[in-house]
Amino acid sequence: MDFGTLLKPEAVKVVTSASSKKRLLHEIGDLVQGAYDMHAGLVVESLLAREALGPTGVGHGVALPHARIDGISNVIGAFVLLDKPIDFDSVDRQPVDIAFALFAPEEAGVEHLKALALVSRTLRDQGVCTKLRANPDASTLFAILNEAQPAQAA
């Protein structure tokens, strides 16, 4: 599993308009609809249902919203860098400015966990996060994530 198979360049965006967690999830829904031709409403509904189980803000300004969605064939991702951090009910109570959303098929078992581990490992690296925060350009963000992956491989 690597970022090249998980993430399309079109699924990377710098967001300037998200003022709340719910608004960010809607931005992710729109991004996923454009990149993967999935219904934005279904994406948002799935993310909100997962968030109701417990927040996915993992700390240090990073959130990993994720959901299982019936009808997709493989694990996919979307990356968002926010220009202004927002409250995401994170475990460390710090606002979030980096969000990597993952979507897995309903029946995905180990692949979903591998993808979540890859993203989590990569975004725990403060050097990677510093680079991401310093480069508010979608194509550069995509390149940083793809370059970071081999150093993070388990």
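Which residue in S5 is the bridge partner of valine 12? It is phenylalanine 79. Keep in mind that this is a predicted model.

First, the strands. S1 and S5 pair in the parallel sense, over five bridges. On to S6. S5 and S6 run antiparallel, joined by seven bridges. Phenylalanine 79 has a bridge partner there too: phenylalanine 100, in S6. How enclosed is S5? Eight of its eleven residues are buried, so S5 is largely enclosed by the rest of the structure.

Now the contacts of phenylalanine 79. I leave aside neighbours within four places in sequence. Phenylalanine 79 then touches Leu7, Ala11, Val12 and Lys13, among others. The list also includes Leu31, Ile98, Ala99 and Phe100. Leu132, Leu141 and Leu145 are on it as well.

Next, the core. In soluble globular proteins, nonpolar side chains tend to be buried together. Here the largest nonpolar core has 53 residues. Which of them touch the most other members? Ile28, Phe79, Phe100, Phe103 and Leu123 do. Strand S6, residues 96-105, supplies the largest share of this core, with eight residues.

That brings me to helix H2. H2 has 16 residues. From first C-alpha to last, H2 reaches 22 Å, close to the 22 Å expected at 1.5 Å a residue. Its buried residues include Leu24, Leu25, Ile28, Leu31, Val32 and Ala35. Lys21 and Glu27 are buried too. What covers the buried residues of H2? The cover includes helix H1, strand S1, H3, S5 and S6. Two names come back here. Ile28 is among the core members with the most contacts to other members. Leu31 is in contact with phenylalanine 79.

Last, two backbone points. H2 is followed by aspartate 37, with a positive phi near 60 degrees. Aspartate 37 is in the loop between helix H2 and helix H3. Buried or exposed? Aspartate 37 is exposed, at 70% relative accessible area. Where is aspartate 89 found? In the loop between strand S5 and S6. At 44% relative accessibility, aspartate 89 counts as partly exposed.

To close, back to the start. Phenylalanine 79 is the bridge partner of valine 12. Phenylalanine 79 also has phenylalanine 100 as a bridge partner in S6.

Notes
Residues numbered from 1 in each chain as written. Predicted model: local features only at pLDDT ≥ 70, side-chain atom pairs only at ≥ 80, totals over all residues. Heavy atoms only, no water. Core = buried A, V, L, I, M, F, W, Y, C linked by side-chain atoms within 4.5 Å. Buried < 20%, exposed > 50% of the residue type's maximum accessible area, 1.4 Å probe, protein only. Helix = DSSP H or I, 4+ residues; strand = E, 2+ residues; numbered from the N terminus. Contact = heavy atoms within 4.5 Å. Expected span 1.5 Å × (residues − 1). Pairing = 2+ DSSP bridges.
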